[in-house]
Each structure stands twice: as C-alpha cells, then as structure tokens.
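Biologist: I would like to understand this protein step by step. Could we look at the structure together?

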Amino acid sequence: MRTETGQVYKLTDYKPTDFVVERIDLTFELDPKETTVVSRVILHRREGVAADAPLVFDGDELTLDSLQIDGNDIDASLYEATPDSLTIRGLPESGPFEVTVNTTISPDTNTKLMGLYRTNGVYCTQCEAEGFRRITYFYDRPDVLAVYTVTIIAGKDDAKYLLSNGNFLGGGNYDEGRHFSAWFDPHPKPSYLFALVGGDLGLIEDSFTTMSGREVALKIYVEHGKEGRAGYAMDALKRSMKWDEEVFGREYDLDIFQIVAVSDFNMGAMENKGLNVFNDKYVLADPETATDADYANIEAIIAHEYFHNWTGNRITCRDWFQLCLKEGLTVYRDHAFSADQRSAAVKRIAEIRLLKAHQFPEDAGPLAHPVRPETYKEINNFYTATVYEKGSEVVRMIRTILGADDFRKGMDLYFERHDGDAATIEDFLACFAEASGRDLKQFALWYSQAGTPSVSVSTAWNEAAKTFKVTLEQSLAPTPGQSRKALMHIPLAYGLILPDGSEFDGQPDTDDAENGVFHLTKRKQTFTFANVPGRPVLSINRSFSAPVNIAMEQSAADLAHIARHDSDGVSRWQALNEQAMRHLVAVSKLARDGRNLPSAKELADILVATASDESLEPAFRAQALMLPAESDIAREIGSNIDPEAIHTAREAVLSEVAGSGIEVFTRLADSAPEGPYSPDAADAGMRALAGVALAYASIAEAHPARAKAAYDKSDNMTVMSQALQVLAHQFPGSDEAADALAGFKSRFAGDPLVLDKWYSIQAMTPGAQTCARVEELLNSDDFDRTNPNRMRSLIGSFSAGNPTGFNAADGAGYRLLAREVVDIDKRNPQLAARLLTAMRSWRSLEAGRQELARLALVSIREAGELSPDVGDIVDRMLAN
C-alpha cells in the first residue's frame, strides 16, 4: 500500500519524462494466484536529457522477478526495485533500447479492484487513474502514449474469452489445456486506457456501419444467462455511434468495439480504447428488473464511455490536473446526446438537480476545488462532481458564449489539431478562441477558481419612460486555498416576459448583451431596455446557462407569471421550484425554533394546478411536483442546520399539497401506461407522474392500501419500486410494508442488482430508527461487504440519501459511517474515500451534531494507518 499521504503533486511541477516510449508489448499468463506479466518496452532518451539520467518507472505493491536491457540481464548495481518504483541506470545514450520487465501478481487477492483483479471468476482490469502500475513497472502517467501489442495466455476452462484493446490479431491453442489470443491497438494511448478481460462469459453481437462505410463488429459480454438483458445497451451503443457522427463528425476507428459487464467495479464504467469495462448495473436491463431511471442511466453511460473514444482516448489529458478536459467535456457530450434522445427540458432539469445536490455542496465545503485543481495528494479523490458536472457546465457556457456554429468550429479544430495528443485546458480554449475570434482569458477563470459564484439581480421599471433596467452584481466567496477571487465571465441567458405573456424582443443599450445573453464580466453592470410596452418580468439564467446562485427579490406573482408563460421549460420549472424553496426554507426555520408552521395553501394550489395541466408533458409535471429535497433545503439555509426541523417542515408541506389535490392525485396515480413496457421518454414520463401522484395520494389517505395495491399489481420494476418506496418510507412498520419488503427480497434473491434497490430503499427510510436497521442488514449472513455496489446501496444510500437517519441527534449515523470507512479502507480505499464524502457538509450542522460529526472524523484519523485516499479526505475535512 502506498502511504505517502504527505506528498503533494503540483500543476506547476509538470515536466515531460526523460525517456520517450515508442511501443510496449505485453504477455500475460493468467492464473488466479500467480499471473506472470512480461513487459517489453521500446524507449529512447529525450533530446537534451543528460546521459546519466536514470529511467524511473512507477509501481504499486510490485515485486520484480527479472529485468533485462536489450535481451541481456542487467547488473544488480545498475537498478533498484521497490514495491513503488523501478530505477535503472547506465542506459544507452542514443538510439532506442528495449527494457524487459517480469513481474508476478495475484488477481484473486487484489481487493482494491485496481490493476488486474478477478471477480466472479472473470479476470478484469481497471487502470484509471494509477492502476497500471499494479500490473507492471511503467511510466504510469497520461502523457506517455504508446502503441500496445498484447498476448494473453490462459486455461481454456478458466477463461473462454481473452480480450484486450484494439483489433484482434489471432489466437488458438497454446499448450495442453491452454489457449492464447493476441491484440494490437494502432492508436497510441496512455497506460490508464489499457484493458484486459479473461473469462467464461455470455455474448451478444451486432454490427455498425460507419459514415465512411466501414463495418464495425459490436460485442457485449455479460454473465451467462443475462444476455437477454443486454439488448438495450447494444441499442444505446449504436445510437451513440450514429449521433457522434451526425453531431460532432466523429467516426469510430477500429474494426471492433467491445463492452464487458462485471459485478465488482469501483466506478460506473471505463472507456478503455475499444474494450470498455462496465459495472453491470449500467448494462443489464429488462422491465422486470430495471427502472426507467436504470434505462436512462444505461443510455447515458454507454454514450459517455463511447464518446470518450475521441474526447479522452484519441485526445487524452497531459496530466491528471487536466482531468476535466476528458471528463467534463464528455459529460457535456453525453448530456447533449440524452437531450436529443429524450425531453430536452426534463433532462436539463435532472442535470440541474444533480448539480445542486452534489456539486454545489462540494463547492461550499472543505472539499472545494477548482475544475482544474492546482495541487492534489491523491488523484482518485478528484473524480468529483466538480470535475464531471461543473466541468460539463463550463463547456456548456462556452457554447452559450460562442453560439452553436462557432462552438462546432472550435470542436472541429480541437479534434484536428490535437488528435493523438495529450492536451491541456489552454490547448482546448485556444481552439475556440481561434475559431470564434473571442477572447476567453477571463472565462478561463472557471477552470482555476473554486466555489459557486453568486449573482445579485435587481430590476427597475420606469412607466413614463418605458424603460426597464437590469442590474447584475457578482461575488465569489473564499474557498480552501483561495481567499481572494478574480471577476468571472458569467453568461446569463434571459428573457423579458410582457404582461400578456409574450416576450419582448428588444436589445439593451450595451454590447455586453447579445442573442438573449447578458455577459457579466465586471463586478456590477446595468443593462437598460428602451421602448418596452409594459412592465416585464425578468426570466434570468434560463436553462441554467451558468452554474451560479441567483439572489433576486421576485414576487410570487412574478414567479407565477414565469411559470405560466416562459418559453423556456427549464425556467418555468425553476420558477415553481423557487416558490417551493422559499416557503420550505421559511417553514424549516420556524420548525427549528419550535414555532407554529404557516399554511402552504398558495404553494399547494400552484402545484395542484400544475399537476392538472394536461398541456404540460407528464415528465415535466412529475419534476414540478417533486418538492426540493431535504438536502436542497439545508443547502439553501446554509448554516445551523437541523435536519429534523427540515424534515418536519417538508412533511407538513407535502401533507397540505396532498390534501389539496387528493382528487387529482388519486386520478393520476392510476395513469401509468398500460400494455407492453417501453423505456421510451413518453412512457417513462407517464410512469414518473403516476409515481409522484401515488406518493401524494398515499399521504392524503394516510393509509398504505393504495401503495400496496400498486405494488401487488405492478408488472415492471419502475412501478414496483415506486410503490415499495412509498410503503417503506411513509408507512414503516406497517404489515403492508413488511409484506412487500419480504416478498421483494424473496422474489429477487438471486439478482444482486435488484437486491441493491431493496437495500437502498430501506437505508433511505427517514428517521433515527433507520440506523439500527442498517446495522442489522450489514450484519446479515447474505450481505456482501466486498461488493462496491452493495456497500454503496446500503452505506452510501444511508449516509448520502437519508438526512434524518444519518444525522440522528445521538451521532449514531456518524459513528457507523466512520467505523465502516476504516474497515473498507483496508481492502478498497477508493470506495472508502467516496463513501466518506457524505460528511463534506458537516460544518453547516447545528452545534450538537457538528461536534458529534467532528468526533467521528477524528476517530477515522486516529484509527491507524490510512490509505492516501481516505487520509486525504479526512485531513481536508478537518482542516481549519
């Protein structure tokens, strides 16, 4: 285990390697306990590098078996091998030379799930970010690109399929009982994109004809018996390939594209060149076992990993500080794909919810960091919502500033100029600046400054002069390591909605606004509109054009006007959500102080009217009816958070809305589409609305009968899980809930992915009593602590998705998480660190809970030897 938790890596320290890798040939003889790896690397000394400069390769828990230079054994005095590095001296001063490294590794005992490991009898690799160094000594960094040839040897009974990156060269019998396969990837790639899979798997096949007429073989490997659940993933893959050709002009570049689904995986999926490895939850789906959300996630993640073929693989990042260059950019691309496949407005609303739920709290707490950080201790801890989701929002803002045509020109130039390159943020932005003629220097601060900007908005209407003024002022609070911030370039899409509901099409008297976008670049700016026929209502930050907090005193009448008339569906939802949030924040503060709670009749009337509005698509109505989550309300309050008070306030509002609209909700609860199940957007939207209505109707009736009936007659997992959640969360302890939970577990006992839903629903049951239930489930005989999905479904859902249970006043939830993090860290540091981030907002709690949370964090720090992953997170959380 690497334990150099004090080592800090800095962006400014970057320098190229002393030696250039030309190619690497790898030979694996697979064995569960003793896999032998032979690595033959062709290198040459970089021009200008001193003749006595040593070659230093990375390692992680490795033991060197043998070492040769140009086929000859090397004198022991000329090299030093430790578990973490291999240093070689006395190398040729000119010309290429070959280094042959032999190592032996144990896939069966590799519980970190990094490097080469074995899961359910399948050999599998995960090399991002620094897993290749657990396989062999090498330059394990993203700017070292090389051509790979791979030969895999294994027992025929042990591994029917032997897969790696690139095109298949051939294979056959090797010796008695063993066979081999050989692969060649002609596209230079960094080691983190290397992949190997060996195992006896089920297979579905298809093909895709590219825009230039090449035939590409498509293969998806899954566990035997699950082939029928991989069809939607294949369909999503083919749609992704077609979309990338049509929208970005990107054609696939190998003869074969393969996906392998495995059950033990630390991430969602990995974009290894030509051989994507997936967590099986993002591949397997059928109506009986997968929800609409599962189908949507499969579609998005299949697309995301495929789109990496160009934004991440063909063009990779120079160093890990540039991680957002592949991840944020590719998230933007998969968001655009999903928007085209589904309702663009509803998809955007879901993205905003996710951003505010995960990235905004990250920006506001001790784990805040820029989209491109300047330092890190453990790179695994920077696979964050800031890099992915905020990174996507930054790309989206570039498109908003430039417009669609210049954005496409910039992307085309980026692909042309940096194909086969390890690029930087500066390289990326330079392409857009050149293609558009825009100066993006100020905008580049979005990559280097942490925190969520705040924009205060005020308006002034002059009836006599028929002018309307909009004044914007920006600020950005200090974040860890950044006490002073520069002014940002914030693009804010806007509209002026006139009293009759139409939109004013005039322009303000400044060049700082164009095409319906305010460009806020100074501390404070005023935009004046002339000849406005009547007092307009300002719709600001349309479609959430910038990831900022808007502070604006807007009346309930103005918000209602936006909700009724705005041409932007996202803004209509934002207006409704803002009304709900204002009321919930005010009521939560009253509940915290023990005061009587006011009526929510006005809000209830608006929501019931929205539910009844047949002109709105069902998916939109479902989003509008979902009140801000308890964590959203807490974020809005900001400090001295009492989760119980927030829960009490939100439940009171839910009850009043439910009572006001009981007739509407009972009707809509039965509105799910009938007939054969389809995961398409229209049917999924109808089921989403029916599910929200079922929850409201059950609240109004204060009885589980309706939800139990929905559960009993459900013919798909979406409706079944909706009903089960209503039973478990609204009627815990009832006979109906107990019967449904027991029946669900019995029915799906042999399907781990479906059982994960069962664990998750119980873990998120509100109330302090849930901590004891989580303990009970953890200690049950059939609970698999080694599977990341299972631990996330229970511990992750409890700590990140159950504000009242996790934040119980006695601190039991904090102590449970601390204990589990220390235990998990011994075998899977990445998983432990990610679970621990659930405590990122502990300083915003009221004093009693805050102290209990602090003590839990201290107990982790004092637990003994921690991995760099967990040590880094806990140190940052406890830093003053």
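Modeller: In this predicted model, strand E4 contributes to the lining of the second largest pocket, and its share of 4 residues is the largest.

Biologist: Which elements give two or more residues to the lining of the second largest pocket?

Modeller: The second largest pocket has a volume of about 860 Å³. Its lining comprises 35 residues, and Tyr9, Asp58, Arg133, Asp140 and Arg141 lie nearest its centre. The elements that give two or more residues to this lining are strand E1 (9–10) and strand E4 (55–58).

Biologist: How many residues in the lining of the second largest pocket are charged?

Modeller: Asp58 and Arg133 are among the residues that lie nearest the centre of the pocket. By class, the lining has 14 nonpolar and 4 polar residues, and the number of charged residues is 17.

Biologist: Which strands stand at the edges of the open sheet of 8 strands?

Modeller: The order of this sheet is E6-E5-E9-E3-E2-E12-E15-E14, with mixed pairing. E14 pairs with strand E15 (residues 178–189) in the antiparallel sense over 7 bridges. Each edge strand has a single partner strand, so one side is left without a neighbour in the sheet; the edge strands are E6 (72–73) and E14 (167–175).

Biologist: How many disulfides does the structure hold?

Modeller: A disulfide requires two cysteine sulfur atoms within 2.5 Å. For Cys124, the nearest cysteine sulfur, that of Cys127, is 9.2 Å away, and Cys124 is in no disulfide. The number of disulfides in the structure is 0.

Biologist: Is Cys124 buried or exposed?

Modeller: Buried means under 20% relative accessible area. Because its relative accessibility is 0%, Cys124 counts as buried.

How values were computed: Residues are numbered from 1 along each chain as its sequence is written. This is a predicted model: local features need pLDDT of at least 70, side-chain atom pairs count only at pLDDT 80 or more; totals for chains, interfaces and linings use all residues. Side-chain values use heavy atoms; hydrogens and water are left out. Buried means under 20% relative accessible area, exposed over 50%, partly exposed in between (1.4 Å probe, protein chains only). Two strands pair if DSSP finds at least two bridges between them. On a 1 Å grid over the protein atoms alone, a cavity is a set of points where a 1.4 Å probe fits but cannot get out, and a pocket is an open set with protein on both sides within 12 Å along at least five of seven lines; lining residues have an atom within 4 Å of a point. Grid points are joined across faces, edges and corners, and a volume is the space filled by probe spheres set on the points. Ala, Val, Leu, Ile, Met, Phe, Trp, Tyr, Cys and Pro count as nonpolar, Asp, Glu, Lys and Arg as charged, and the others, Gly among them, as polar.
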